[in-house]
Amino acid sequence: MGSWPSGVLVHSADSLDKFRLGDVDAFEELFRLHQRVVYGWILRIVRNPTAAEDLTVETFWRIYKAHARFEAARGFEPWVRRIATRAALDWLRAQRPESELTEETMARQTTGLGADPGVTAEIRSKTERAFARLPPKLRVAAVLSVVEERPHKEVAEALGISVTAVKLRVFRALRLLRKDLERQGIKP
Amino acid sequence: MSAHDEERIKTLLRQALPPVDAEPAPERDLWPAVLRRLDSQAVAQPRSRWVWFDWALAAGLALVAVSFPASIPLLLYYL
């Protein structure tokens with residue numbers, strides 16, 4: 001699970017300094033280096049490849065717009081991850097919950113990719129719908145922590161909240177999910 | 001919610017939303033789109049920033065003039 005593996009994405013201090021001054025060439029260098037991990041991070045949150053591409057563009061636009069506020073001491077990757085997470089969260093807030101069941105995810109459910117034989121397609125579909133009805137900030141915490149198994153500390157930094165707040169959001173998400181599934185007649 | 005329930009919900013969630021592949025990549029080069037976005041910002045930004053500032057300044061002056069009518073001659077003197 002390799003977004004932002006430490007020590008792999010190396011950029012010179014010089015390119016960061018130039019970027020901070022608004023140099024577009026330095027910005028392109030950083031873009032080329034980070035676009036894939038930014039895209040991957042956003043895709044993990046929104047789970048829609050087309051939206052993830054648009055949000056990657058939006059994220060880098062926000063990054064460039066905020067270039068003067070970048071603090072090298074706090075690191076480029078955490079800063080970028082926070083901006084990307086905020087862009088993805090904004091997108092989730094703007095979506096209608098039911099619209100997030102894409103054709104791709106429906107196809108995956110019917111083919112049963114990675115499926116537990118004990119869990120029917122109907123249960124998976126109901127779970128996904130129930131998840132889509134959760135408040136976006138709970139969904140982001142749950143999808144990154146539970147599904148993608150990212151460390152709580154990383155999720156907390158990306159959301160700009162404490163580790164305790166992440167755990168609380170995950171707990172609330174799971175509790176709401178259980179209640180929703182129970183209402184639909186599924187006893188976890 | 002018991003620990004067993006929590007684990008069961010987590011399992012259901014992972015079944016419904018399998019983790020994304022380790023290294024997903026966008027299907028197209030996104031740099032041209034970023035550049036287009038930057039260009040449109042470069043054209044739009046100065047105008048919108050000054051319009052906002054002008055309106056704020058005008059509103060502030062109007063507020064001062066209404067609240068302290070005696071300050072109007074002073075404001076006119078400095079215009």
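Predicted model: local features only at pLDDT ≥ 70, side-chain atom pairs only at ≥ 80, totals over all residues.
Student: What percentage of the 79 residues of chain B count as buried?

Tutor: A residue is buried with 20 or more other C-beta atoms within 10 Å of its own, exposed with 12 or fewer, and partly exposed in between, the C-beta atoms being placed from the backbone; of the 79 residues of chain B, 13% count as buried.

Student: Which residues have the most contacts inside the largest nonpolar core?

Tutor: Such a core joins buried Ala, Val, Leu, Ile, Met, Phe, Trp, Tyr and Cys through C-beta atoms within 7 Å. The largest one here has 56 residues, and those with the most contacts inside it are Ile42(A), Val46(A), Ala141(A), Ala142(A), Leu177(A) and Leu13(B). Helices H2, H3, H4, H6, H7, H8 and H9 of chain A, together with H1 (3-16) of chain B, each supply at least two residues of this core, to which H2(A) gives the most, with twelve residues. At least three of the core's residues come from each of domain 1 (13-94) and domain 2 (100-183) of chain A, the bounds coming from an automatic or database domain assignment.

Student: Which residues is Leu13(B) in contact with, leaving aside neighbours within four places in sequence?

Tutor: Contact means C-beta atoms, placed from the backbone, within 7 Å; with those neighbours set aside, Leu13(B) is in contact with Thr127(A), Phe131(A), Ala142(A), Val146(A), Val147(A) and Leu177(A).

Student: Where does H2(A) bend?

Tutor: H2(A) bends by about 50° at His34(A), taking the angle between axes fitted to the seven residues ending there and the seven starting there. After H2(A) comes Arg47(A), whose phi is positive, near 55°.

Student: How many residues of domain 1 of chain A are in contact with domain 2 of chain A?

Tutor: Ten residues of domain 1 of chain A are in contact with twelve residues of domain 2 of chain A. On the side of domain 1 that touches domain 2, H2 and H4 of chain A each supply at least two residues, and the largest share, seven residues, comes from H4(A).

Definitions and conventions:
Residues numbered from 1 in each chain as written. Chains lettered and ligands numbered in written order. Helix = DSSP H or I, 4+ residues; strand = E, 2+ residues; numbered from the N terminus. Contact = placed C-beta atoms within 7 Å.
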